[in-house]
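Look at the structure below and follow the text from one region to the next.

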Amino acid sequence: MMIITQKITSLAYEIHDGMFRKDEELTPSQRGLAVRRMPSLLEYVSYTCNFMGILAGPLCSYKDYIAFIEGRASHVAQPSENGKDEQHGKADPSPNAAVTEKLLVCGLSLLFHLTISNMLPVEYNIDEHFQATASWPTKATYLYVSLLAARPKYYFAWTLADAINNAAGFGFRGYDKNGVARWDLISNLRIQQIEMSTSFKMFLDNWNIQTALWLKRVCYERATFSPTIQTFFLSAIWHGVYPGYYLTFLTGVLMTLAARAVRNNFRHYFLEPPQLKLFYDLITWVATQITISYTVVPFVLLSIKPSFTFYSSWYYCLHVCSILVLLLLPVKKSQRRTSTQENVHLSQAKKFDERENSLGQNSFSTMNNVCNQNRDTGSRHSSLTQ
């Protein structure tokens, strides 16, 4: 049901962008997915209820799905070395290698989940004996390891869903610069980037990718104020009614804004030399992994009492640190908001110019009518005099 809801809203916005908005009012991602005609009933039902993704997804855009159904997905232009798009002269690519690789990842993820995950339960983080006896390094280490052990079940489900779509021929993205076929058009995660994330944004960009893109299209790019807060709140509502979801996403707002402020204010000091950059990456990796684990504990525990028990055992330390960062560090205006304001001003200026031109044309035509009326009156007067 969650996937169908995503598809219905995604298609509605794609149709709205394609049929009722001008290209200059759209972001590049919205312009690329805009649907220029109303789908038929068969196309609509096929997109929303296709068997390949009705249970676990992943979400895909209507344009990509219709291109796959009509057999246009494999005819993708490949950028050449001179920067021009050239049609790749290969036959329809085979998904066998990609499907085999993803099924192998599924098997390893399932094995890890059935063995290691049960040995490291997230609930142990709120065990009274553990909280009373464990040191802070031990608590932080177990927090990270227990949440690391909780992720393979998501890796298994999303990778299997991606493999099913690839096996049916859906998910081809074109060829890379080496001519190798890419089958990641609708992939939902990138495991290596997730585990090696050095920022909160990098983690979110590689986790549940298609849902993140959906939230970006339907909420973040359209919000007129506080897009980050609105997007996280919509994500919490979409996930369900458990209190743990709302605690996680409200905490995520704080962590995202604070991490953005820290990165904007300090990262440029650590880019050179390479040794300093490596040290910065190591520190930010540790901080990101601990912060992510701290944030998503309520998402796993679901109930409100265990979630507050966990945060209380940590004295809400990362909440407090995030609030202090936001109060003390200058926050730069996001580029998206600046560009949105510029587009609004340009649109308003364009409308003003059009209105001025319209008024000018109306006044010019009015003056012509007056002159013509005066001329006609004069000619009638002279004829009467004669």
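Predicted model: local features only at pLDDT ≥ 70, side-chain atom pairs only at ≥ 80, totals over all residues.

Two helices, α15 (304–313) and α16 (317–328), each supply at least two residues of a nonpolar patch. Between them, Ile304, Phe308, Tyr316, Val320, Ile323, Leu324, Leu327 and Leu328 make a nonpolar surface patch of about 770 Å². Helix α16 gives the most to the patch, with five residues.

Ile304 has its place in helix α15. Is Ile304 buried, exposed or partly exposed? With a relative accessible area of 44%, Ile304 is partly exposed, because partly exposed means a value between the 20% limit for buried and the 50% limit for exposed. Patch residues need over 30% relative accessible area, and the value for Ile304 is 44%.

In UniProt, an unreviewed entry carries the annotation "transmembrane region" for residues 236–257, 278–301 and 313–331. Such annotations may be inferred rather than shown by experiment. Two of these spans can be described from the model. In residues 313–331, the end C-alpha atoms are 30 Å apart, and the span is 68% helix and 0% strand. In residues 236–257, the end C-alpha atoms are 17 Å apart, with 86% helix and 0% strand in the span.

Next come the empty spaces. Rolling a probe the size of a water molecule over the atoms shows where empty space is left. How many cavities of 30 Å³ or more does the structure hold? There are two cavities of that size. The largest cavity has about 50 Å³ of space. Its lining is made by Ser10, Tyr13, Glu14, Asp17, Gln30, Arg217, Val218 and Arg222. Helices α1 (2–20) and α11 (209–220) each supply at least two residues of this lining. Of the elements involved, α1 gives the most, with four residues.

A pocket, unlike a cavity, is an open set of points. The second largest pocket has about 470 Å³ of space. Its lining has 18 residues, and those nearest the centre of the pocket are Glu101, Lys102, Asp184, Ser187 and Leu189. Which elements each supply at least two residues of the lining of this pocket? They are α5 (96–119), α8 (152–167), β4 (181–182) and α9 (191–195). The largest share of the lining, five residues, comes from α5.

Conventions:
Residues numbered from 1 in each chain as written. Heavy atoms only, no water. Patch = residues over 30% accessible without salt bridge, like charges linked within 9 Å, V, L, I, M, F, W, Y side chains within 5 Å. Areas by Shrake-Rupley, 256 points an atom, 1.4 Å probe, with all protein chains shown as cover. Salt bridge = Lys/Arg side-chain N within 4 Å of Asp/Glu carboxyl O. Buried < 20%, exposed > 50% of the residue type's maximum accessible area, 1.4 Å probe, protein only. 1 Å grid on protein atoms, 1.4 Å probe; cavity = no way out; pocket = protein on both sides within 12 Å on 5 of 7 lines; lining within 4 Å. Points joined across faces, edges and corners; volume = space filled by probe spheres on them.
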